[in-house]
Amino acid sequence: MKYFKYLVLGTLFGIILTKSEVISWFRIQEMFRFQAFHMYGVIGSAILVGMISIQLIKRNRLKSIDGEPIVLADKKFNHGIWIGGFIFGLGWALTGACPGPLFAQLGSGIGSAAVLILAALAGTWTYSALREKLPY
Amino acid sequence: MLELLQQPWPWYVAGPLIGLTVPALLLVGNKALGISSSLRHVCAACVPAGIPFLTYNWRAEIWNLVFVLGIALGGFIGYRLMGHPDVIGISAATVRDLKAEMHLTDFTGLLPKELFALDNLANWKGWVFLVLGGFLVGFGTRYAGGCTSGHAISGLSNLQWVSLVAVIGFFAGGLLMTWVIYPMMF
């Protein structure tokens with residue numbers, strides 16, 4: 001039951017991704033070809049609203065509903081950030097989907113999403129196995 | 001109102017709602033939005049194989065798997081129950097380019113069936129788009145420590161310059177694929 005709130009938020013998130021069509025390969029191609037503002041508008045306004053929200057949380061020292069102080073970990077730089085980012089970018093343009101949209105595509109009933117998710121799991125597993133040998 | 005909900009949502013509705021997911025997760029459970037981690041948790045739960053990076057208490061991250069399950073449920077509700085257009089309304093320029101450069105003819109659905117139909121696994125196209133593509137997403141996101149949600153949305157919202165480096169990497173890879181590798185493939 002303690003997980004129910006995450007199911008609700010995830011469902012809303014999935015509906016938003018689906019209704020705004022950001023789970024479509026066509027939309028991602030349109031973005032990488034700079035032929036519409038749609039994707040930039042979605043990502044840009046999401047960041048803006050997220051930024052304002054986090055500032056409000058920090059300035060007012062808001063606590064979570066369990067009464068814990070809200071902590072946001074700083075991300076540390078290593079060379080994996082851009083190398084991995086670049087590799088993901090290649091995959092993003094191929095599949096037209098980042099991980100969130102993959103799960104929304106699966107729910108929408110697209111068979112290819114199941115294959116893509118299995119392949120993504122294989123990629124994550126392979127990274128985990130090779131981790132110590134990769135440059136950072 | 002109902003009709004309005006059934007239409008594709010414009011960016012200025014969807015974007016801010018996606019942004020609000022960041023504080024919602026923080027306020028509800030002190031959780032940072034990030035979806036690609038779920039792939040790691042599934043690997044850790046199913047095939048840890050003694051790999052140090054996959055040996056941790058993944059049960060503490062079940063919330064993330066539940067969130068992802070919700071996304072799939074949302075995909076079902078948003079697409080199947082709330083209705084969807086037969087053809088995504090992308091710009092005419094994109095349609096023209098995809099026809100000319102990638103020889104696509106079928107623009108129905110969320111993705112081109114000519115590339116993503118499961119029968120394609122019998123030829124190179126299916127392996128590149130379905131298997132290699134998915135593999136690069138899973139490999140790259142973990143190597144970079146996040147995807148569009150964890151770096152672009154969560155990270156940039158929290159003014160993390162490291163996430164900006166990651167997002168530049170995402171776009172560099174995507175642009176190279178779209179503008180250089182695709183033309184060589186088709």
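The expected span of a helix is 1.5 Å times one less than its number of residues. Helices here are DSSP runs of H or I with at least four residues, strands are E runs of at least two, and both are numbered from the N terminus.

A word on the model: it is predicted, so local features need pLDDT of at least 70 and side-chain atom pairs count only at pLDDT 80 or more, while totals for chains, interfaces and linings use all residues. Residues are numbered from 1 along each chain as its sequence is written, and chains are lettered from A and ligands numbered from 1 in the order in which they are written.

**Exercise 1.** Work out how the reach of α2(B) compares with its expected span.

*Solution.* Start with the count: α2(B) has 19 residues. At 1.5 Å a residue you expect 27 Å, and from first C-alpha to last the helix reaches 27 Å, so close to expectation by the span rule. Now step just past the helix: B:Asn30 takes a positive phi of about 60°.

**Exercise 2.** Find the buried residues of α2(B) and say what covers them.

*Solution.* A residue is buried if 20 or more other C-beta atoms, placed from the backbone, lie within 10 Å of its own. Go along α2(B) and you'll pick up, among them, B:Trp11, B:Leu17, B:Ile18, B:Pro23 and B:Leu26. Next, look at the cover: it includes α1 (4-19) and α3 (38-59) of chain A, together with α8 of chain B.

**Exercise 3.** Describe the side of chain B that touches chain A.

*Solution.* Two residues are in contact if their C-beta atoms, placed from the backbone, lie within 7 Å. On that basis, 104 residues of chain B meet 100 residues of chain A. α2(B) gives the most to this side of chain B, with 18 residues. Sort the side by class and you get 71 nonpolar, 29 polar and four charged residues. For the classes, Ala, Val, Leu, Ile, Met, Phe, Trp, Tyr, Cys and Pro are nonpolar, Asp, Glu, Lys and Arg are charged, and the others, Gly among them, are polar.

**Exercise 4.** Classify the packing of α1(A) against α5(A).

*Solution.* First the geometry: the helices pack at about 85°, with axes 10 Å apart. α1(A) and α5(A) are therefore roughly perpendicular, a label for angles of 65 to 115 degrees. Then the residues: A:Gly14, A:Leu17 and A:Thr18 of α1(A) meet A:Gly100, A:Pro101, A:Ala104 and A:Gly107 of α5(A). That makes three nonpolar, four polar and no charged.

Notes:
A residue is buried if 20 or more other C-beta atoms lie within 10 Å of its own, exposed if 12 or fewer, and partly exposed in between; C-beta atoms are placed from the backbone. Axes are lines fitted to C-alpha atoms, for helices over the stretch in contact, and angles run from 0 to 180 degrees between N-to-C directions. Angles under 35 degrees count as roughly parallel, over 145 as roughly antiparallel, 65 to 115 as roughly perpendicular and the rest as oblique.
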